[in-house]
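Welcome, and please open the model in your viewer. We will walk through it one selection at a time.

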Amino acid sequence: MVISQSMRIGMLGSKFMGRAHSNAYINAPKFFDLKRKIVLQNVCARNEASLKAFAQNWGWLNWTSDWRKLVTDAEVDLVDIGSPNHLHFEPAVAALEAGKHVVCEKPLANDLSEAREMVKIAKKHRKLKSYVWFNYRRCPAISLAHELIQAGRIGRVLQVRCVYLQDWGGPDVPLFWRYQKKYAGSGALGDLAAHSIDLMRYLTGDEVKSVNGAVLSTVYKKRLLPEQTKKWGRVDVDDISLFLTTLKSGAVASFEATRLPQGYKNHNKIEIHGDKGSIRFDLERMTELDYFDSDSSTNTQGWSTINVSEGGAGHPYASDWWPAGHNLGYEHTFVNQFADMVRDMNGLPPRTPLPTFHDAYEVQRVLEAVMLANREGCTIPLSQVK
Ligand code: SOE
């Protein structure tokens, strides 16, 4: 396949995700053979003053405060949408209609109707790629868990337990966009549980059949407006989300996502229990996977902790980085994902399946069903949420 000599990126966003994604664009060509030159072509954010400093710090060639200019820039091949959730839909649709590949941060959209339309437009432009940054799929330990589960090493999946705890959301945090439904769609639910739902789908290959109960709690119902000392605004999204689901296979899955529990920084944990064993992953121990093999001999049976930084053992991505025992971090998941996106756009198989708009739409359906289950106080079949 003839591969063009460069891939020119246009990116919306210059905060946390802007930094994580810029880092990926700069480092992926250094550690992976991408067969293309990666060009940081154009970056967009509202605040022009800080944007210029960001662009120059990270080596972006151009910058603009007008996202409509960026998504139609003839010098851009891939549009990366790292803007707040309410600004995913319009740029993604405009970029696809302008003939650009797109990668969008999670959750896909602010609500299900937007997500549904984004998938429809992506299908209309099926020659274009439409990815989503569910980056935790590319923790090497998660990639190994995927291999073990798909190889039947824990047998039939019976139960999934997802917990995603962060503690930055205390009462002193101002009313920024993540605390307003019109900008975020939901709180910890869409911000954190979206990752857990994607990991459940990815690792088990299963889908949620119904949401059997949900609690969305807004502990701090008012927060000070940013840069204000006496003006308060109402919070209309969840601080804490808890929900129970039944999967199509008959297995069950529980999810807990919150930005309040003191003592947890980025505690993204998933446990999957089968009839022949279990796996356990905790992002705060990112390069380790715990595995329990029920078939192992009883006198030595117990949880084993696999160090997945052992490149020699063939663990995905580990061999692209450092020798065994030299741990990887959060930022490597974005580098790994971008490297796989380029492989995929070069017509080569990604190391592990890439999350697409379709995957993110399935996640958005679950988010919507959880909000309905919480509001109606009943079980919500996913067949009713499309
Ligand atoms: C929230 O604090 C957050 O930044 C999420 O938005 C990201 O998706 C997650 O990877 C880290 O935490």
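**Around the ligand**

Start with the ligand: the shell around it holds 5 nonpolar, 2 polar and 3 charged residues. Here Ala, Val, Leu, Ile, Met, Phe, Trp, Tyr, Cys and Pro count as nonpolar, Asp, Glu, Lys and Arg as charged, and the others, Gly among them, as polar. This is a predicted model, in which local features need pLDDT of at least 70 and side-chain atom pairs pLDDT 80 or more, while totals for chains, interfaces and linings use all residues. Residues are numbered from 1 along each chain as its sequence is written, and side-chain values use heavy atoms, without hydrogens and water.

Now select the shell itself: Phe16, Lys106, Tyr136, Tyr164, Gln166, Trp168, Arg178, Asp191, His195 and Tyr330, each with a heavy atom within 4 Å of the ligand.

Which distance separates a side-chain N or O atom of His195 from an oxygen atom of the ligand? It is 2.8 Å. For Arg178, the distance from a side-chain N or O atom to a ligand oxygen is 3.1 Å. A polar side-chain atom of Trp168 also lies 3.1 Å from an oxygen atom of the ligand. The protein buries 91% of the 310 Å² that the ligand exposes when taken alone (Shrake-Rupley method, 1.4 Å probe).

**Two backbone spots**

Most residues other than glycine have a negative phi, and most peptide bonds are trans. Go to Lys106, where the peptide bond to Pro107 is cis, with omega near -15°. Pro107 is in the loop between strand S5 (101-104) and helix H5 (112-124); helices (H or I, at least four residues) and strands (E, at least two) are DSSP runs, numbered from the N terminus.

Next, select Lys35, which is not a glycine but has a positive phi of about 60°. Lys35 sits in the loop between helix H1 (16-31) and strand S2 (37-44).

**An annotated span**

Finally, colour residues 7-128, listed by UniProt (unreviewed entry) as "domain: Gfo/Idh/MocA-like oxidoreductase N-terminal"; such annotations may be inferred rather than shown by experiment. Residues 7-128 are 44% helix and 20% strand, with end C-alpha atoms 14 Å apart.

How values were computed: A polar contact is a pair of N or O atoms within 3.5 Å; within protein, one must be able to donate a hydrogen and the other to accept it, and residues adjacent in sequence count only if both atoms are side-chain atoms.
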